[in-house]
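Please read the points alongside the coordinates.

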Amino acid sequence: MVEFEDGAVIAQLGCPDMRLPIQLAMAYPERLPLEGKRLNFEEMRSLTFEKPDFDKFPCLGLAFEAFRRGGNIPCAMNAANEAAVAAFLSDKIRFYDIPDTISRVMDGVNFVAEPSLEDIFETHRVAYEMSRRK
């Protein structure tokens, strides 16, 4: 959901399926048909919302922090997450080491307030390398 300055909220709702965001990224700006389960409001009946538990989901808190800090920090966060998840899947780190890795990289990368495309590529490269070090 996105809340606008005037208080209006627009929600993007659908059934969980990573094929949709991948297809959107590959076909942008087109929206192509996609086979699969459709959201049925009659079956769903209601939506429930809870305050995020940042202790239980520390990476969510890191994502909010990256958004607040801005600049090249969201890129660093994403690169660190990619590298940490790859390390976890290769049995090089524990699952609970992922947020520590991301946090360390976000704090260690050089901040660029208004990054160019070259800055983004360099941030990604540096953050990925930093995340591979203990």
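**Notes on the predicted model**

1. Arg45 lies in the loop that runs between α2 and α3 (58-69). The structure is a predicted model, and in it the phi of Arg45 is near 70 degrees, a positive value in a residue other than glycine. Arg45 counts as exposed because its relative accessibility is 74%, above the cut-off of 50%.

2. Asp91 is placed in the loop between α4 and α5 (98-108). With a relative accessibility of 71%, Asp91 is therefore classed as exposed.

3. The peptide bond joining Tyr28 and Pro29 is cis, with omega about 10 degrees. Pro29 belongs to the loop between α1 (19-27) and α2 (41-44).

4. On helix packing, the axes of α4 (residues 73-89) and α6 (residues 117-132) come within 8 Å and cross at roughly 35 degrees. The crossing of α4 and α6 is right-handed. On the α4 side, the contact is made by Cys75, Ala76, Ala79, Ala80, Glu82, Ala83 and Ala86; α6 contributes Ile120, Thr123, His124, Ala127, Tyr128 and Ser131.

5. What is the division of the residues in the contact of α4 with α6 into nonpolar, polar and charged? The residues of this contact comprise 9 nonpolar, 3 polar and 1 charged.

Conventions
Residues are numbered from 1 along each chain as its sequence is written. This is a predicted model: local features need pLDDT of at least 70, side-chain atom pairs count only at pLDDT 80 or more; totals for chains, interfaces and linings use all residues. Side-chain values use heavy atoms; hydrogens and water are left out. Axes are lines fitted to C-alpha atoms, for helices over the stretch in contact, and angles run from 0 to 180 degrees between N-to-C directions. Helices (H or I, at least four residues) and strands (E, at least two) are DSSP runs, numbered from the N terminus. A crossing is left-handed if the near helix is turned anticlockwise from the far one by less than a right angle, and right-handed if clockwise. Contact means heavy atoms within 4.5 Å. Ala, Val, Leu, Ile, Met, Phe, Trp, Tyr, Cys and Pro count as nonpolar, Asp, Glu, Lys and Arg as charged, and the others, Gly among them, as polar. Buried means under 20% relative accessible area, exposed over 50%, partly exposed in between (1.4 Å probe, protein chains only).
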